[in-house]
Amino acid sequence: MSDDRELYKRFLEGSIDAFEELVIKHKDSLIFFIERYIKDFQTAEDIAQEVFASVFVFKEKYNPQYSFTTYIYTIARNKAVDYIRKNKRTYLIDHRDYHNLSGDYKLEEAILKKEEKKELLQGLTTLKEEQQIAIYLVDFMDMSYKEAMKIMHKTLPQFKILLYRARKALKVRLEKEGFEYEE
């Protein structure tokens, strides 16, 4: 798939196909991210759809100086927080693995990787919500600290402390279960 900035440029020039490619590229991980806040897959899908609708309608608002991923995740976070405020419910985390294993793994390696990821996701569910999100953004989505701190509305020192504590808590949790966690 093409680079996000190139796709967005084509979208601004009128290419609906470029917009659809952006949606396909980011929708699954965006839904997973939103579900960390909402804890309901169907609602997370609806909010993700709202995010992409906002991008489509307000296409000039995106500043290509920043990554497209940071832009949509910031919109998603704001929409999720708005939803929570409106509904004022307590949500339980449902850890699902939406990321497909891909590539040239042997069957045994694929199964082992999936089990490790499952244990990691289960360990994440024991952390505070902000800690879960920080780890997800940096370790699962490979975002930079700068991108993740913007999404979470934190300063860099606040984010670093949050991530440090989250990783430390996750390490303790996983070691209790007999797993090793590499920081």
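In the predicted model, helix 2 packs against helix 3 at an angle of about 140°, and the two axes lie 8 Å apart. The crossing of helix 2 past helix 3 is right-handed. On the side of helix 2, the contact is formed by Ile16, Phe19, Leu22, Val23, His26, Lys27, Leu30, Ile31, Ile34, Glu35 and Ile38. These residues meet Phe41, Thr43, Ala44, Glu45, Ile47, Ala48, Val51, Phe52, Val55 and Phe56 of helix 3. By residue class, the contact of helix 2 with helix 3 comprises 16 nonpolar, two polar and three charged residues.

Helix 2 also packs against helix 1. The axes of helix 1 and helix 2 cross at roughly 145° and come within 8 Å of each other. Helix 1 contributes Asp4, Leu7, Tyr8, Arg10 and Phe11 to this contact, while helix 2 contributes Ala18, Phe19, Glu21, Leu22, Lys25 and His26. The residues of the contact of helix 1 with helix 2 divide into six nonpolar, one polar and four charged.

His26, a residue of helix 2, takes part in the contact with helix 3 and in the contact with helix 1. The relative accessible area of His26 is 5%; because buried means under 20%, His26 is classed as buried. When neighbours within four places in sequence are left aside, the contacts of His26 are Asp4, Phe52, Phe68, Thr69 and Ile72. Of these partners, Asp4 belongs to the helix 1 side of the helix 1 contact with helix 2, and Phe52 to the helix 3 side of the helix 2 contact with helix 3. Phe68, Thr69 and Ile72 are among the buried residues of helix 4.

Helix 4 spans residues 68–87 and contains 20 residues. The distance from its first C-alpha to its last is 29 Å, close to the 28 Å expected at 1.5 Å a residue. The buried residues of helix 4 are Phe68, Thr69, Thr70, Tyr71, Ile72, Tyr73, Thr74, Ile75, Ala76, Arg77, Ala80 and Val81. Their cover includes helix 1 (4–12), helix 2 (16–38), helix 3 (41–57), helix 6 (129–140) and helix 7 (145–151).

Two loop residues were examined for their backbone geometry. Most residues other than glycine have a negative phi. Asp142, although not a glycine, has a positive phi of about 55°. Asp142 is located in the loop between helix 6 and helix 7, and its relative accessibility of 65% places it in the exposed class. His153, likewise a residue other than glycine, has a positive phi near 55°. His153 is located in the loop between helix 7 and helix 8 (156–176). With a relative accessible area of 48%, His153 is partly exposed.

Across the protein chain as a whole, eight helices and zero strands are assigned. The order along the sequence is α-α-α-α-α-α-α-α. Of the 183 residues in the protein chain, 39% are buried. Among contacts in the protein chain with a separation of 6 or more, 62% are between residues 24 or more positions apart.

Definitions and conventions. Residues are numbered from 1 along each chain as its sequence is written. This is a predicted model: local features need pLDDT of at least 70, side-chain atom pairs count only at pLDDT 80 or more; totals for chains, interfaces and linings use all residues. Side-chain values use heavy atoms; hydrogens and water are left out. Helices (H or I, at least four residues) and strands (E, at least two) are DSSP runs, numbered from the N terminus. The expected span of a helix is 1.5 Å times one less than its number of residues. Buried means under 20% relative accessible area, exposed over 50%, partly exposed in between (1.4 Å probe, protein chains only). Contact means heavy atoms within 4.5 Å. Axes are lines fitted to C-alpha atoms, for helices over the stretch in contact, and angles run from 0 to 180 degrees between N-to-C directions. A crossing is left-handed if the near helix is turned anticlockwise from the far one by less than a right angle, and right-handed if clockwise. Ala, Val, Leu, Ile, Met, Phe, Trp, Tyr, Cys and Pro count as nonpolar, Asp, Glu, Lys and Arg as charged, and the others, Gly among them, as polar.
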